[in-house]
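I opened the model to look up its side-chain contacts. My entries follow in the order of the searches.

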Amino acid sequence: MGEAIVTLRRANGLTQEELAESAGVTQAALSRYENALRTPDAEAITALAGALGVTTAFLQRAEGAVGAFMIDAHMRRRATAKPTVWRRLEAKLNVYRQHLDAITDAVEMVPKLALPCFDPMEYSPDEAARVVRMQWRMPAGPVRDLAGWLEAAGCLVVAEDFETTAGGSRVDGLSQWSHDYPVMLVNKRAPTDRLRLTLAHELGHICLHSTELFGDPEDEANAFAAEFLMPAATIRPDLHNLDLGRLHLLKRHWGVSMQALIERAYRLETLSAARRAYLYKALSKRGWRTREPLSDELPPETPHLVTRLVTSLRDAGLSAAETATIAGVVPGTPRQPVFLPPAIGPATHLKIVDQ
């Protein structure tokens, strides 16, 4: 329970002092609980659970944190985000995973698509991406509604505004397995083109790095995402004679950033190094390296599966309070709103989720 308390406290962005004050225990006692030097009694468990926004049953069965895919590599690559931000988001991912474990224990989920995993020694990232697209029978060309494809394969995507976490805007997303299903936590504040790349990147980690790790996992996930969103065989003819006007048109068509298109063209050798540098300078001159145009015009990536799972409990006849109890959430708490069912809307009597 000590590790579980630490994970929940970090997920809520609380210091030991703040949690101790909120729960009405001493900081010394809380420190002993967290370090497994003392077991909290029933009264302390109830107080701590309430302060953390979870039920006592959830706190008692909760687990310690499990590392997200490539969290250390993410931290190195995105050095502008503080380690405390990564730790909090990783703790949130772990807490959400455990809430979702409880929900999927109560609701049978039957994905339409299989989620393959590959040995990176046998499949290159490009090959793996092509196999996934073929197995899912995706149409040639741009990927439409990427979140929908992921959810059809059983990926549980939680989109949250990372701006509420100081420095969280510098983090795009992270993921890990939840028993039979992967869970992704992504920054919904990110522009759509960046969010799409994040979803494809995390899919790459899930498919390539669930068992063995070789080479550079971050580079492999990036290569997987590039081929998945911009298949070489289809996009190559589009990547000749690039200028800003053509990049605008291609961004609208492919739903990826102009910078991603530049890199794809460079990697596929349809763009010279000199022309690549020229285009990046043109983007910088207009302030587009940090915020590109057209991103708000792309169709949004909105996950629905988690809401459908929670709503199915309501439609089965459970009250909002009962549904929240299954998820392990204290009704009325603002900390875990994603796991509370909508209060209005017609019942669909969904018993099996088949996205």
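I began with salt bridges, taking as one a side-chain nitrogen of Lys or Arg within 4 Å of a carboxyl oxygen of Asp or Glu. By this rule I have 16 salt bridges. The model is predicted, so I kept to pLDDT of at least 70 for local features and 80 or more for side-chain atom pairs, while totals for chains, interfaces and linings use all residues. Residue numbers run from 1 along each chain as its sequence is written, and side-chain values rest on heavy atoms, with hydrogens and water left out.

**Salt bridges**

I looked up Asp193 and found a salt bridge with Lys251, the closest N and O atoms being 3.1 Å apart. Asp193 is in helix 10 and Lys251 in helix 13 (residues 244-254), so the pair links distant parts of the chain, 58 residues apart. For helices I use DSSP runs of H or I with at least four residues, numbered from the N terminus. I call a residue buried under 20% relative accessible area, exposed over 50% and partly exposed in between, with a 1.4 Å probe and protein chains only. Asp193 is buried because its relative accessible area is 5%. Lys251 is buried too, with a relative accessible area of 0%.

Lys251 also meets the side chain of Glu292 in a salt bridge of 2.8 Å, N to O. Glu292 lies in the loop between helix 15 (273-285) and helix 16 (305-315), 41 residues apart from Lys251. Glu292 is buried, as is Lys251.

Next I took Arg264, whose side chain meets that of Glu227 in a salt bridge at 2.5 Å, N to O. This pair links helix 14 (residues 258-267), which holds Arg264, to helix 11, which holds Glu227, 37 residues apart. Both residues are buried. I also noted a network of salt bridges that links Glu63, Arg97 and Asp101.

**Aromatic rings**

I paired rings of Phe, Tyr and Trp (its six-membered ring) with centres within 6.5 Å; planes under 30 degrees apart count as stacked, over 60 as edge-to-face and the rest as tilted. The whole structure gives four aromatic pairs. One of them, Trp136 with Phe228, is edge-to-face, at 6.1 Å centre to centre and 90° between the planes. Trp136 sits in the loop between helix 8 (125-135) and helix 9 (146-152) and Phe228 in helix 11, so the pair ties together parts 92 residues apart in sequence. Trp136 and Phe228 are buried. Trp136, Trp149, Phe224 and Phe228 make up one aromatic cluster.

I then looked for charges over rings (NZ of Lys or CZ of Arg within 6 Å of the ring centre and within 35 degrees of the ring normal). Arg276 lies over the face of Tyr266, 4.4 Å from the ring centre. Arg286 lies over the face of Trp288, at 5.9 Å from the ring centre.

**His209**

I found His209 in the loop between helix 10 (192-208) and helix 11 (217-229). His209 counts as buried because its relative accessibility is 4%. Its side chain makes a polar contact of 2.7 Å with that of Glu220. A polar contact here is a pair of N or O atoms within 3.5 Å; within protein, one must be able to donate a hydrogen and the other to accept it, and residues adjacent in sequence count only if both atoms are side-chain atoms.

Methods
Helix = DSSP H or I, 4+ residues; strand = E, 2+ residues; numbered from the N terminus.
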